[in-house]
Amino acid sequence: MARALKDSIDRVIEGNCVEVMNDLPAASADLVFADPPYNLQLQGDLRRPDNSKVDAVDDHWDQFSSFAEYDRFSRDWLSAAHRILKPDGALWVIGSYHNIFRVGSILQDLGFWILNDVVWHKSNPMPNFRGKRFTNAHETMIWAGKSKDSKYTFNYEAMKAMNDDLQMRSDWTMPICSGHERLKDASGQKAHSTQKPESLLHRVIVSSTQPGDLIVDPFFGSGTTGAVARRLGRKFIGIEREKKYASIARERIAGVKRAPDEALEVTKSKRAEPRIPFGWVVERGLLEPGTVLHNSSKRHHAKVRADGTLVCSDASGSIHRIGAHVQGLDACNGWTFWHYEHKGSLVSIDVLRQRLRADLA
């Protein structure tokens with residue numbers, strides 16, 4: 001019997017992730033974030049030069065008998081994830097060189113459409129103690145739409161704002177989880193060997209979801225996805241087969257405070273904002289017919305007409321057409337090119353557009 005979605009939201013569900021996802025309604029999730037076993041294939045203990053043992057990932061859940069077994073496991077959970085995603089949903093999956101190429105091939109075979117591979121550059125990676133290879137200082141995340149036709153969420157302007165008004169690149173430098181953020185068990189040891197930093201999930205969630213979206217994490221571990229989702233006003237379903245990790249995650253998330261609604265809004269793309277014709281500015285009296293507009297240097301000017309067009313010495317037309325005409329260009333954004341005089345200063349007419357957009361909100 002299918003699991004009711006409302007009974008699963010904002011819960012940590014113990015069990016096999018494939019079975020649990022197959023019990024969820026199809027096309028119900030906006031995003032799947034997956035941090036699956038990496039199949040590290042460690043051969044014996046790893047030791048430092050002083051012969052002390054490195055606390056490496058040697059948990060039973062990361063061990064597979066062969067690549068074929070790991071591939072079957074990957075195909076099963078990726079198929080279940082594909083089924084629960086909405087048509088415009090997306091998947092993030094993180095891995096290392098041990099597994100990410102196998103996972104990437106399988107998800108393409110299943111119909112996912114890769115949008116980016118993002119390199120998480122670790123600013124404080126574990127050294128290569130044996131000195132026989134390069135220090136492994138990064139992990140790779142694949143971001144993929146459910147299909148080639150998915151109209152996936154990407155908050156481009158928010159990512160640009162987060163990056164000091166520069167386009168966010170696909171290489172992200174962040175420290176590994178350590179210090180006060182690293183959860184400890186009763187004995188003072190790491191509660192989970194592969195706990196991811198909240199900063200990483202924060203960027204993933206802000207970039208590719210909206211407040212209220214549902215995120216499913218099939219390998220929930222210590223609950224980083226759920227903790228960040230709750231703080232950012234998203235819903236989550238966490239699936240974890242290890243009882244001890246599920247218990248840790250529940251306790252962790254219970255202590256997370258949701259941010260206020262007004263703090264959850266992100267910078268929206270210009271294309272997502274309501275279209276405002278310049279004629280509205282005129283008919284609502286924000287600029288009077290006959291007002292003279294100038295460019296920022298006052299080299300060019302044109303007069304506003306009652307129908308929202310502009311007229312210059314030898315042409316008439318829209319704010320964009322006349323802006324391009326006076327400069328001898330093929331195109332122009334008239335909203336940013338033209339200015340009006342107010343109390344002795346030039347003010348962009350885009351200020352008036354934003355005022356009208358605020359009235360529509």
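**A chat about pockets, cores and one glutamine**

Modeller: Before we start, keep in mind that this is a predicted model. The place of Gln195 is in the loop between strand E6 (171-174) and helix H5 (198-208).

Colleague: OK, so is Gln195 buried or exposed?

Modeller: Gln195 counts as buried because its relative accessibility is 5%, and the cut-off for buried is under 20%.

Colleague: What does the side chain of Gln195 reach at 3.0 Å?

Modeller: That would be the backbone nitrogen of Leu183. A polar atom of the Gln195 side chain also lies 2.9 Å from the backbone oxygen of Glu181.

Colleague: And which residues is Gln195 in contact with, leaving aside neighbours within four places in sequence?

Modeller: Cys177, Glu181, Arg182, Leu183, Ser222, Thr224 and Arg252.

Colleague: Switching to cores. Which residues touch the most other members in the largest nonpolar core?

Modeller: Phe33, Trp92, Ile94, Met141, Trp172, Leu200 and Val204, out of 33 residues in that core. Helix H5 gives the most to this core, five residues.

Colleague: What does Ile94 touch, not counting residues up to four places away in sequence?

Modeller: Quite a list: Phe33, Ala34, Asp35, Pro36, Tyr38, Ile100, Trp120, Glu139, Thr140, Met141, Lys196 and Leu200. There's also a second, separate core of 30 residues, and Ala29, Ala34, Val103 and Phe112 are among them.

Colleague: How do the lining residues of the second largest pocket divide?

Modeller: Into 15 nonpolar, twelve polar and eight charged.

Colleague: Last topic, helix H10. Which of its residues are buried?

Modeller: H10 spans residues 319-327, and the buried ones are Ile319, Ile322, Gly323, Ala324 and Val326.

Colleague: And what covers the buried residues of H10?

Modeller: The cover includes helix H9 (278-283), strand E10 (301-304), strand E11 (310-311), strand E12 (316-317) and helix H11 (334-337).

Colleague: Which residue follows H10?

Modeller: Gly328, and its phi is positive, near 70°.

Note on methods: Residues are numbered from 1 along each chain as its sequence is written. This is a predicted model: local features need pLDDT of at least 70, side-chain atom pairs count only at pLDDT 80 or more; totals for chains, interfaces and linings use all residues. Side-chain values use heavy atoms; hydrogens and water are left out. Ala, Val, Leu, Ile, Met, Phe, Trp, Tyr, Cys and Pro count as nonpolar, Asp, Glu, Lys and Arg as charged, and the others, Gly among them, as polar. Helices (H or I, at least four residues) and strands (E, at least two) are DSSP runs, numbered from the N terminus. Buried means under 20% relative accessible area, exposed over 50%, partly exposed in between (1.4 Å probe, protein chains only). A polar contact is a pair of N or O atoms within 3.5 Å; within protein, one must be able to donate a hydrogen and the other to accept it, and residues adjacent in sequence count only if both atoms are side-chain atoms. Contact means heavy atoms within 4.5 Å. A nonpolar core is a set of buried Ala, Val, Leu, Ile, Met, Phe, Trp, Tyr and Cys residues joined through side-chain atoms within 4.5 Å.
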